[in-house]
Amino acid sequence: MKPSHRFSGAEEVTRRLAETGYLAGIGIATVVHIADRLQKPLLVEGPAGVGKTELAKAIASTLGIELIRLQCYEGVDETKTLYEWNYKKQLLRIQAQGDESWDAIEEDIFSEPFLLERPVLKALRSTEPVVLLIDEVDKLDIEAEALLLEVLSDWQVSIPEMGTVVAKQPPFVVLTSNNDRELSEALKRRCLYLYMDYPDAEREKAIVLKRVPEITETLAEQVVRLVRSIRELDLKKSPSISETLDWSRTLLALNIDTLDDDTVRQTLPVLLKFQTDLERAAGHLRLNAKDN
Amino acid sequence: MLPRLLEFERAMRSAGIPVSVSESIDALKALEHIPLESKDSVRSALATTMVKSQSHRPTFDLLFDLYLGAGRGSVTSITDEVEDPEAAGQDLMDELVDTLATGDDAALAALARRAVSALGRVRSSPTGDWFSQYQVLQGMELNIALGRALRRTGVEGDAPLEDRLRREEFEARLERFREMVLMETRRRVAETRGAEAVARYAVRPRPEDLDFLSATSNEIKELRRAIRPLARKLASRVAMKRRRSNRGGLDMRRTVRRSLSTGGVPFDTAFRHRAPHRPELFVLCDISGSVSRFARFALMLVHALSAQFTKVRSFAFIDTLDEVTRLFEHEDFVTAVDRMNSEANVTWLDGHSDYGTSIEKFLKNHGKDLGPRSTVLILGDARNNYRATKDHALQEIARRARHVYWLNPEPVADWDTGDSAASEYAVHVDKMVEIRNLRGLEDFIAYEL
């Protein structure tokens, strides 16, 4: 099997991801399939908590390969993404020198044992196929983003002291972004783009049933419909899929088998984390209509 | 396939979606790996390779339907002639009511196609048929469909919560049906007149590019939806810029201390932090008439960024001025701006803008608060209804404050025409800028403030 033909088609992607517990719609599956065939990095954008990171994990798990993760935050630079020389070890080496010539030492201290591999380099040098997850790439500074460009288009890293490291086999790269800032055109051009929105009602219900198996189908449906209705509002923080799941579990724990105004009002804080959001949602659902 | 695809790309580029050559090659490569007979797969493949921003997606979808939509220029363009449009409308309506209840999107789309075939054709023009969404919606009496669907599915004794949810879902589906009909009519017109003709009028600018003064009320709704993500992006952009610029000189003391762990060799350098300049912001906005939209969006963005300023104080005026800062204290900025219009005390005489009096009043009541850390932002078109400009007041404000900026939503060409006193005021402020759309506003706030 060629490394880039890991799936026969979008249907197979859907099926195999479902085996790992990740329910992907046909749109997501098609894009994953194409990313695999074209060996291109996949940039996944969308609101928080729709399963962007989970997608990368599910791909790694269904392919049975290692997931290497780079968590981005402001201030991440090449020493955190690519590689770093182990200065302290180099220093020790220099201090411990006998009567070697400087050339020999120099060659020695810029060699493999003194190199600290960071996630991106590790993924490139891996002999086994891997999934490289670059999480929240929008948190990177512009300079750090530029560092990724060489990797993402040519699958190589240039290390001045050692030469160019070319990937033995291109990793399956997934980048995620919450869209906190516009990524550069150059980065976007090198990636396939997938916008992941909240799933449609049917898929979200399937997710609830899969992750909270004890729940009844009717309750799951009610939960999902209510959450979708709330998402339509202009909120500070819309409920994510994980919050839908939390809410479902809460309802189960409270032995509630059908939703009505009272139960919704009491348990809504599981779903919404801001007071203004809570008030707005309650107003929208007209939950307070009865008591005043 | 290839010529059509290239034509489609050209249309995307002229609609303002940047599609590079390498992206278009990727698109072709992607098509090799998917079943071409599946419209949805083709759509996904093209979207993922060519469209790299969600805000471009609606335009992509529209053009995709026009240029590569099912059966363009082929069999389906034969319209089923309907003998009795009224009866046909009734039948379609019944079916719609059923489909609304099941929520089957594919069925809804099929229904939209049939409805346009049966009812949409307008025989008027000699150059070819025209199709009208309005005529379809009228023929089906869509305005009563919702009530019917609700009555049909409503079960006696249902929980009221259930009822409300169902109503909402039906409304959403009905809206979707309207959109599907609109798309189908456009596709049909594209068949007879060419996709380009339709694309020219159907492609709308993105919300960020809409002109504040000429936007329709629907477009304003779009703008409102765009404002929150935009504010979030802007906030992180400004914060990032501030952080990067606050690196000061080398901190010897800390660097030497750190070097102890590496035998006195300073590997880790430490730098001082410079305290960023955080201005006090005074925002004065004209909230009369059409300018008010502009002022409101500007206020929302400024307040979304309030963390970047020591203090933000907002003032609204028409022919007199009132402080509205209190509204923003406990409320979300979107709600606060909505409340501002009803609660601020801004008219005194006749409800026509009076910049002179308002600026003078600001100076008299709040002038003592202005200092070298203050930035004053004035939002409005400077149309003073031929009243006294009292620009000496503005001059005094400019003298006391560090910066005074004036954001004018009118195009530069219109300044000083009619009752506009733009240049009379402009001489006293640091800068009077033309801000036509959200993008301009965003850039101003990010780079100038």
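Which residue in strand 8 of chain A is the bridge partner of Leu43(A)? Keep that in mind while you go through these points.

1. Before you start: this is a predicted model, where local features need pLDDT of at least 70 and side-chain atom pairs count only at pLDDT 80 or more, while totals for chains, interfaces and linings use all residues. Residues are numbered from 1 along each chain as its sequence is written, and chains are lettered from A and ligands numbered from 1 in the order in which they are written.

2. Let's begin with the sheet. In chain A, five strands make an open sheet with parallel pairing, in the order 2-5-8-1-9. Strand 2 (66-71) and strand 9 (192-195) of chain A are the edge strands, each pairing on one side only. On average, neighbouring strands here are turned by 20° against each other, direction ignored. A few terms: strands (E, at least two residues) and helices (H or I, at least four) are DSSP runs, numbered from the N terminus. Two strands pair if DSSP finds at least two bridges between them.

3. Now for the opening question: Leu43(A) has Leu175(A) as its bridge partner in strand 8 of chain A. That belongs to the parallel pairing of strand 1 (residues 42-45) with strand 8 of chain A, over four bridges. Strand 5 (residues 130-135) of chain A also runs parallel to strand 8 of chain A, joined by four bridges, and there Leu133(A) stands opposite Val174(A).

4. Have a look at how covered strand 8 (residues 172-177) of chain A is: six of its six residues are buried (20 or more other C-beta atoms within 10 Å of a residue's own, C-beta atoms being placed from the backbone; 12 or fewer is exposed, in between is partly exposed). One side carries Phe172(A), Val174(A) and Thr176(A), the other Val173(A), Leu175(A) and Ser177(A), and all are buried.

5. Over at strand 2 of chain A, six bridges tie this strand to strand 5 of chain A, and the two run parallel. Here Arg69(A) has Leu133(A) as its bridge partner in strand 5 of chain A.

6. Why is Asp257(A) partly exposed? Because Asp257(A) has 13 C-beta neighbours inside 10 Å. Setting aside neighbours within four places in sequence, Asp257(A) is in contact with Thr216(A) and Leu219(A) (C-beta atoms, placed from the backbone, within 7 Å). The C-alpha atoms of Asp257(A) and Ile215(A) are 8.5 Å apart, with the two residues 42 apart along the chain.

Key:
Contact = placed C-beta atoms within 7 Å. Axes fitted to C-alpha atoms, helices over the stretch in contact; angles between N-to-C directions.
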